[in-house]
Amino acid sequence: MSLTTPEKIRTLQRKLYCKAKAEPDFRFYLLYDKICREDMLRHAYELSRANAGAPGVDGVTFEQIEASGVEAWLAGLREDLVSKTYRPDPVRRVMIAKPGGGERALGIPTVRCRVIQAAAKLVLEPIFEADFEDSAYGYRPRRSAVDAVREVHRLLCRGYTDVVDADLSKYFDTIPHSDLLKSVARRIVDRNVLWLIKLWLKTPVEERDSKGDRRMSGGKSSTSGTPQGGVLSPLLSVIYMNRFLKHWRLSGRCEAYRAHVVSYADDFVILSRGHAEEALAWTEVVMTKLGLTLNEEKTSVKDARRESFDFLGHSLGPRRFPNGGRWYLGAAPSKKSVQRIKRKISDLLVPGNMGAWPQVRASLNRLLGGWAAYFSYGSLASARQAVDRHVYDRVLAFLRRRHKAPGRGVRQFSHEFRGDTGVLVLNRVRRGSPTCAL
């Protein structure tokens, strides 16, 4: 959900961006008072409310805040900022399953910390947006993962087919605090803003074991990492990754290796004409200097004319037109992405789901609609057909069990796949993007 930015805040953001763009060496020294503004905190609260999310360590929810009065709560928050008595609450750490296996640590700040971080992001993002390299696509306004995939496909079609498929190991957990703060301080000299960011980086992390026992980590002794789940963390991650991208450009790697970088947070690819191995060796050295490490298991060099590689859930490389047609370089949802959505569909339509069918169907359609919105570029027909077949089988099985119908239930329940009120059929969804790079 997106909310319209109030004109007064938009005007401030426009001024900050224009100043930063026009004067690359200018450093901003009066920003803390903007973060403390009533309208800034109110809009930050609305943005945080729209994103919802679980409560932090204090258990306070948006519903509880609204029951007791939002304006009074925001006034108290502003007073803490103005008086410099604000201190962040510990971050609640939960483990979530990763698509490729294993678990990822997710940090959940309290609502009050989320709102203040959102206010800081509203002020800081326009300044750093003026500095970001064109090759960075992650967590930026008016840019998306699909834009990054489209650019990779475009470069492949232009002959940059020697690919470094790179992945940084535990990127968010290993960003060095000292170097990150130096990157921020290159633009921001307001000591109060730097103080806020340092507080967030040094926030303790609370974990609970299976018995409910509490364990604290991080805090003042922490020297690296910015928790995934924090509102400001994505912006900070792009700021630090921009050091690599800027060094790539200024050191002339594009010309030396006849190559381009396309980055989305900790996922990036280097597309070259014959110099992928050299580009990878150079990248490993630079990343080490930045305090980062390439994941050797997930980083490889490939010839995209002969083998595919996965990037942001898409598979890019050689494809063939149906019925024995010619080969071409294409993009499509990866096999892992198709399997992932199938698992989610099966998890939703389990026999133990006792919800009313209209609500279950609505949840299923939201799931399918979100998948279709993300995978809207490239060759989609075969992936959509595979998902549609799985949906068809799972829905019929779900309704047959519920109504104890004989057979497969085709005659009784096929109407659920017709018209606008039934289950969403992906191959009927209108394409939002062209099928090929322009």
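The lining of the second largest pocket comprises 19 nonpolar, twelve polar and nine charged residues, where Ala, Val, Leu, Ile, Met, Phe, Trp, Tyr, Cys and Pro count as nonpolar, Asp, Glu, Lys and Arg as charged, and the others, Gly among them, as polar. The model is predicted: local features need pLDDT of at least 70, side-chain atom pairs count only at pLDDT 80 or more, and totals for chains, interfaces and linings use all residues. Residues are numbered from 1 along each chain as its sequence is written, and side-chain values use heavy atoms, with hydrogens and water left out.

**Second largest pocket**
- On a 1 Å grid over the protein atoms alone, a pocket is an open set of points where a 1.4 Å probe fits, with protein on both sides within 12 Å along at least five of seven lines; lining residues have an atom within 4 Å of a point.
- The volume, the space filled by probe spheres set on points joined across faces, edges and corners, is about 1,400 Å³ for the second largest pocket.
- Of its 40 lining residues, Leu47, Asn51, Lys121, Glu125 and Val231 are the closest to the centre.
- Helix α6 gives the largest share of the lining, seven residues; helices are DSSP runs of H or I with at least four residues, numbered from the N terminus.

**Aromatic pairs**
- The structure holds 14 aromatic pairs, with ring centres within 6.5 Å.
- Tyr45 and Phe62 pair edge-to-face (planes over 60 degrees apart), at 5.6 Å centre to centre and 70 degrees between the planes.
- Tyr45 lies in helix α3 and Phe62 in helix α4, 17 residues apart.

How values were computed
Helix = DSSP H or I, 4+ residues; strand = E, 2+ residues; numbered from the N terminus. Phe/Tyr/Trp six-rings, centres within 6.5 Å; stacked < 30°, edge-to-face > 60°.
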